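This briefing is for a reader who has not seen this protein before.

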Amino acid sequence: MIRVEHLSKRYREIVAVDDLSFTVDEGEILGFLGPNGAGKSTTMRIITGYMPPSAGRVEVAGFDVFEHPLEFKRRLGYLPEHPPLYPDLTVREHLGFVADLKGVPRRKRRTEIDRVAELTRIGDVLKRRIGNLSKGYRQRVGLGQALLASPPVLVLDEPTVGLDPSQIMEIRELIKSLGGEHTILLSTHILAEVAMICRKVLIINQGRAVAFDDLETLAENHEESGRSLTLEEIFLKLTAA
């Protein structure tokens, strides 16, 4: 459902992404990891159509991101690290606006908003202005707008940022439950989150893939003193350079 082939992005002398290739199969949740400055954000902006690559191509749900921008966007839900929300609108008004942009028929809009509100636990703030919400609630509104119209592909950038511990557990369980029905690319700095939610992981460093494998296989391939390393230890080992 997501296919990235020989992707590169250069800013003059700086190479942000360097010949990166990977796939996320239908129904799979892929954990996308890397230290700050590794090229994660640039890669996600290219995949979601916000930025063109210097070289390579990206397909989402069978459509080239830049040759068929409208077709792929109809099939993508995106939660950036800082969700673009309208603070003067109520939560319901904002979700209604996004539902309209996504082509949800007017007669189905209220039902669809109520569906994602229940999933993301924001039903109690639907009538409140977004500008008056806590960061955690705004994050959940951002996730709700990504889920509107039930797109087959979700790209989630730090989805649990700003949430309290109980909310974090709820959102993790929600994301895990969405696997199978949705194909998910999950970027996070919380390695335990990847271990809980994902079966497969992509680690990049300095714009290049340094690991792309199932978590079990990754652990088997990295042993020291007769024991498999934890994901955190593998991450530190592969991104030390």
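The model is predicted, so local features need pLDDT of at least 70 and side-chain atom pairs count only at pLDDT 80 or more, while totals for chains, interfaces and linings use all residues. Residues are numbered from 1 along each chain as its sequence is written, and side-chain values use heavy atoms, with hydrogens and water left out.

**Domains**

**Interface**
- Contact (heavy atoms within 4.5 Å) joins 16 residues of domain 1 to eleven residues of domain 2.
- About 1100 Å² is buried between the domains, 66% of it on carbon and sulfur atoms; buried area is the accessible area (1.4 Å probe) that two parts lose on being put together, summed over both.

- One salt bridge (a side-chain nitrogen of Lys or Arg within 4 Å of a carboxyl oxygen of Asp or Glu) is counted between the domains.
- Glu 170 forms a salt bridge with Arg 121, and their closest N and O atoms are 3.4 Å apart.

**The side of domain 1 that touches domain 2**
- Strand E7 (153–157) and helix H6 (165–178) are the elements that give two or more residues to this side; helices (H or I, at least four residues) and strands (E, at least two) are DSSP runs, numbered from the N terminus.
- H6 provides the largest share, five residues.
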